[in-house]
Amino acid sequence: MSPSPKPPHPVARRGFLIGAGLVSTGAALGTGLALPGGAGRAVAAPAPPRPDLMTAALGTPLDDLPDALREAREAGPRLTGQAAKSAARAAEAARTLTPFLDPLPVPRVLSGRKGELTVTMRPARVRLHRSLPHTRLWTYEGTHVGPTIEARRGSRLRIAWENDLSGAYPLPAVRVPFAYDPELPLMWDRPGREGSTPRADVAALPPWTVVHLHGAVTGGGNDGWAENAVLPGSAQLAEYPNDQPAAGLWYHDHAMHITHLNVMTGLGAGTYLIRDEEEKRLRLPAGDREIPLVIYDRNLDLDADGAFTGDLLYKGIVVANDPYELVRPFTGPFNLVNGVIWPHLDVDAGWYRFRALNAANNRPYLLKILDESGTELPPTAFLLIGTDSGLLPRPDPVTAGVPLTPGERADLLVDFTALRGRRLRLVNALPEPGARPDLMEFRVASRAAPGSFVPPKQLATSFKPVEPPATAPERLVVVTPVYPKDPELWEMEETDPPEGPLPVDGIVQIEDEHGTVRTFRRIAATFDDPVRFTVAAGATERWRFLSLEKSPGAFPHPMHLHAVAFQGLSREVYDVSSFTAFELDGGGYGMGTTTPIRHLRHAPLTAAEKGPKDVISLAPAQLITVGATFEGPPGRFMHHCHVYEHEDMMMMRPFVVQPKAVMSLAPHHGHRSHGRKSAG
């Protein structure tokens, strides 16, 4: 039983960077907030509501915050003088970059010889758009999106990821205070530095990289452990068993603390396709009719005159600086597909297979294909046939777009047969999609394509739903809100209710749909905390992910487990208003529930989420349960939020898979426990 806590103090007043400077109590926009003092209060006072414009900076569309918009417009522009002129030039530069000029690059295909392959990371200069200067990049084999690697199921592939990088870090990075001007695009949708000086700490970074094959069921020594990065002149050696169903995996940098930067240097993505006989029998579109679509957003640097320099730019928007500096995870104005801004693709009037991947740092996408009049493709011409870790049991007609959070994939069939001579656009249908909603254009040939294809009614007949038994181990992972500090990832274990008043730091109580209240305590919260989740090899478990974020429009957290495919079992919506923050004795901030968070309703899972997954979208105030069978090799792995900035600020935890017989001999199990209670 947890000890009785000391009464905490309320959260102290803090300022938010929502205009030209700090907003204090009663200042412009009505967002300055203060709590009364009160050392020695019996019960912690809840933190004040997050200011609306800060909420907007963290993902909620401004259209969903009418009071903030109205007050901001009444206050007038927040930028003046040279800052306003520079921002206006930046917005104009984004508007004048013409879409659909460049053809879509299709990455070349590599496969191993005698089960071995070398992929070299090296510098390159490439064009992201024909109207831009060349861009300095660090790349896989010289291209902005790495080559596609193909492997056969059951055939091991050993890859030497060689680091041949050199030169200065090719990504200038700045931090800019958040300023809202209703006459201009939002700051993250404008190119340029906003008058800030590039960060010296980023410029000093060495070419320190490690490759993670995302979705691979492989041993811990081959998984791309974040701290096992290599410097130039060395190679990372990895062996991939490929002992898993046909799927579209992908590789990307995973270096500790700096993944969010390294991926933007050009080490962001390459497709890795596992093939098997089940997929082959379906006779799906192949060759030049099977095309990866690697989608992400970027920003571009400008010179003093407002002209593009060719350099990519990491622009971090500071949304708070007291008591902690909070920086919005990256989104940028320019969406790229296969490494090019707003490209086009010439297609035949027939069926195509597109392997879509969201490789962005933070931005979610809702993919739709629209004709010239803005009409969506009919569901008979747009089918989802697979997701992250393989094919679905049957095709799922796309009726409301294809949602993809960072790390998620979609295996898509598109029929252009009835669209001869037409031009269609792949768009992001979510609010605030960047400088424009367009991602790319399809230009359909005027003649009918030879041959015919009929989508199969059944796909992965070998697919078997995961059904954890009632006695299956259950893991609970909690994600805290962005207030009053960065979000945290907590591993939890069930415990007795604490004595004394609530809230208690790290204590979360949950009331389920049946009215049963369970109490959980935080047992780990940073990457450096000891391993608390040890999984028996071959075991089937339930993993539950709970978001305590209160703003319904905030960007979701894409939750990722290494080394295993899982399936969504349920999604539930909770009233999380009782989760609060408070000042701890001795400094710092604690968080916990004042009363149990309460079950409100069940929400549906998509067909994709019920299929084979390795990333699942966790929306605010939701609890998602997935089932996973850990059939792969044992080892030490990671689970984390796939927003790169979040994993780099410790929203990532290690877990271990061990043979059950080995676990039984651990000192804290069975007759060797010597009376000590298991830690989890």
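Predicted model: local features only at pLDDT ≥ 70, side-chain atom pairs only at ≥ 80, totals over all residues.
**Helix H3**

Let's start with the helix. At 1.5 Å a residue, the 15 residues of H3 (residues 81-95) should span 21 Å, and the 22 Å between its end C-alpha atoms agrees with that. Buried residues in H3 are Ala87, Ala90, Ala91, Ala93 and Ala94. They cover an arc of only 155° around the axis, so they sit on the same side of H3. Their packing partners are strand E14 (300-302), strand E15 (308-312) and strand E18 (334-337). On the face turned away from the buried side, you will find the exposed residues Gln82, Lys85 and Arg95.

**Pocket and cavities**

Searching the whole structure turns up seven cavities of 30 Å³ or more.

| Space | Volume | Lining residues by class |
|---|---|---|
| Largest pocket | about 870 Å³ | 24 nonpolar, 11 polar, 10 charged |
| Largest cavity | about 220 Å³ | 12 nonpolar, three polar, four charged |
| Second largest cavity | about 100 Å³ | six nonpolar, three polar, three charged |

The largest pocket has 45 lining residues, with Tyr365, Leu366, Pro403, Leu404 and Ser617 nearest its centre. Elements giving two or more residues to this lining include strand E22 (365-370), strand E25 (402-404) and helix H7 (607-610).

For the largest cavity, 19 residues form the lining, and Leu58, Pro329, Val482, His557 and His646 lie nearest its centre. Strand E17 (residues 326-328) gives the largest share of that lining, three residues.

The second largest cavity is lined by residues including Trp250, Arg355 and Asp411. Strand E11 (247-253), strand E21 (351-358) and E26 each supply at least two of its lining residues.

Terms used. Residues numbered from 1 in each chain as written. Heavy atoms only, no water. Helix = DSSP H or I, 4+ residues; strand = E, 2+ residues; numbered from the N terminus. Expected span 1.5 Å × (residues − 1). Buried < 20%, exposed > 50% of the residue type's maximum accessible area, 1.4 Å probe, protein only. Arc of directions from axis to C-beta. Contact = heavy atoms within 4.5 Å. 1 Å grid on protein atoms, 1.4 Å probe; cavity = no way out; pocket = protein on both sides within 12 Å on 5 of 7 lines; lining within 4 Å. Points joined across faces, edges and corners; volume = space filled by probe spheres on them. Nonpolar A, V, L, I, M, F, W, Y, C, P; charged D, E, K, R; others polar.
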